[in-house]
Amino acid sequence: MGTKGSKSFIEKLQELDVRYVYVLVLLVITVPILRPIGIPPGKTSPETLGLYRYIDELPSKSVILMIADQSPAAAAECQPGMLAIMYHTVAKGLRVLFYASRTDAIPYIDDVMVKVLGKTSDHPDYGKLYVNLGYIPQAEVGLTGLASDVFFTNKDAYGNDLRSMEFFEDLPKKDASDWKLAIYFGASSLDWVVRQVTDPYGCPTGGGVAAVLVTRIYPYYPHSVIGFLSGLKGSAEYELMIQKPAEAAAGMDAQSLGHLAIVIMIVLGNIGYLASRLKSQGGA
Amino acid sequence: METIEALTVLAGSGITLALLSYLWRENLAFRIAEHAYIGAAAGYGTLVLAENAWRLLEAPLARGEWYWYLTIVLGLSYFFFFSKNYFWLYRYPIAYVIGNDIGVVVARSVKTQFLEQIRVTTTITDLNAAIIAVGVFTALFYFYSTMEHKGVFRGVSKIGIYFLMGAFGASFGATVMARISLLIGRLRFLYFTEPAYYLIPVAILLLFIGIFMDRRKKT
């Protein structure tokens, strides 16, 4: 090993204060956010395409369940996708039943309704095409209750009686077999939706999930999960498919450059590791 | 923009910057934001849960179904956690919730996560399905330690470890993507939401003062 005064570039790089890496990542992400470069989005993934096509081919008034399970930590990835899918369902005239499976996901449902419909329970189609059930506790147990009886919560998030709503009038069984799709938005797990809705009632599952969850969805794709939005990239693809580029599409330049910076740092780190290992083997 | 809305945005911006300041080092602003977040989350969660418990109970109680009161008793039993003498009563709601969860989850997991996965993995329709089948088999074999991995079996085990490494790599890549997305979301909020960006120069100034004071302490 060299003395302290004669350290090689590789050795210096390996001892670099990690805070310089943070500053570099911050700069690499900030520049394209403030001044978009317009990196081409590339080919739409089959997962996004699967979800888009399925929703697009549903007859109007079909019922879709949207499960909000995004914490503030996952909202940056999931919320743009939820918004894009909501725009699509409104354009297709589908019925949407919302519910939150965690307390901090409640505001995201109102956010989607306000941004897409302009209103929540005051909207003229509320109770006919859209219903927000609010928070249902005990994630999987709660979904089991809802799947077996849509009137499980008795009232919606705003205190309205569910039995008096036009939304549910023509549903034959009043359980999950009436739904055409259940879409999960979040980062924790999607297994329980497949377990409680898809397998027992035959209603396929879709997802607008944080990228960390993606590798856990593939075992169910495409036989149970017909398609899903993979993090910000999936949301951006969906925004482009419905021709409403918004927050996710705007973040893709930063996402691409951020990844590039991290890949370069991983390569440099590995070169440094191999060089120091070779050097120590040579010196031994 | 209304005053209350502006204050909300400023609070969001301040807390975001305070939490990001941890990247420099742990500091007072970070600790205040961290504790405020935990306190606010606990308070908000308690209120929402109480409201929802009442929403679910209101109708059956109005119909005179008295046995629903038992759920309130069961829920309140959680407070026996704080009693030395009656701590054992706290175990009843815990046992009920866990038992209920296991009953709901396990019964259907057998089909979804075991039988259905075997069916799908062994149904080979194209090259991708064949690769997945080989990956699942060899990765499982890697963990099979009843027999020594020698000869052909050593090769099978080696293929399994390559599949596992590939899966870990994909998982790591997805995690990086998720974290960058989170940062993009926060930065877009800080840069484009008025008056959130007013606090950015303040945060930078405080950061430089902190770095300057650190250096002075060292010398």
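Predicted model: local features only at pLDDT ≥ 70, side-chain atom pairs only at ≥ 80, totals over all residues.
Let me begin with where the two chains meet: 42 residues from chain A and 41 residues from chain B take part in the contact, where two residues are in contact if their C-beta atoms, placed from the backbone, lie within 7 Å. Residues are numbered from 1 along each chain as its sequence is written, while chains are lettered from A and ligands numbered from 1 in the order in which they are written.

On the side of chain A that touches chain B, several helices supply at least two residues each, among them H2 (18-34), H4 (72-92) and H11 (247-283); helices (H or I, at least four residues) and strands (E, at least two) are DSSP runs, numbered from the N terminus. The largest share, seven residues, comes from H11(A). By type, this side of chain A divides into 20 nonpolar, 13 polar and nine charged residues, with Ala, Val, Leu, Ile, Met, Phe, Trp, Tyr, Cys and Pro counted as nonpolar, Asp, Glu, Lys and Arg as charged, and the others, Gly among them, as polar.

S4(A) runs parallel to strand S1 (residues 63-69) of chain A, joined by seven bridges, and A:Ile64 has A:Leu181 as its bridge partner. S4(A) also runs parallel to strand S5 (residues 205-209) of chain A, through five bridges, and there A:Gly186 is partnered with A:Val209.

Turning to chain B, we find domain 1 (3-64 + 124-218) and domain 2 (65-121), with bounds that come from an automatic or database domain assignment. Their C-alpha centres lie 27 Å apart, and nine residues of domain 1 of chain B are in contact with five residues of domain 2 of chain B. On the domain 1 side, the largest share, four residues, comes from H2(B).

Finally, B:Leu76 is found in helix H3 (residues 69-76) of chain B, and it counts as exposed because it has 11 C-beta neighbours inside 10 Å. B:Leu76 and B:Tyr90 are 14 residues apart in sequence, and their C-alpha atoms are 9.0 Å apart in space.

Methods:
Buried ≥ 20, exposed ≤ 12 C-beta atoms within 10 Å, placed from the backbone. Pairing = 2+ DSSP bridges.
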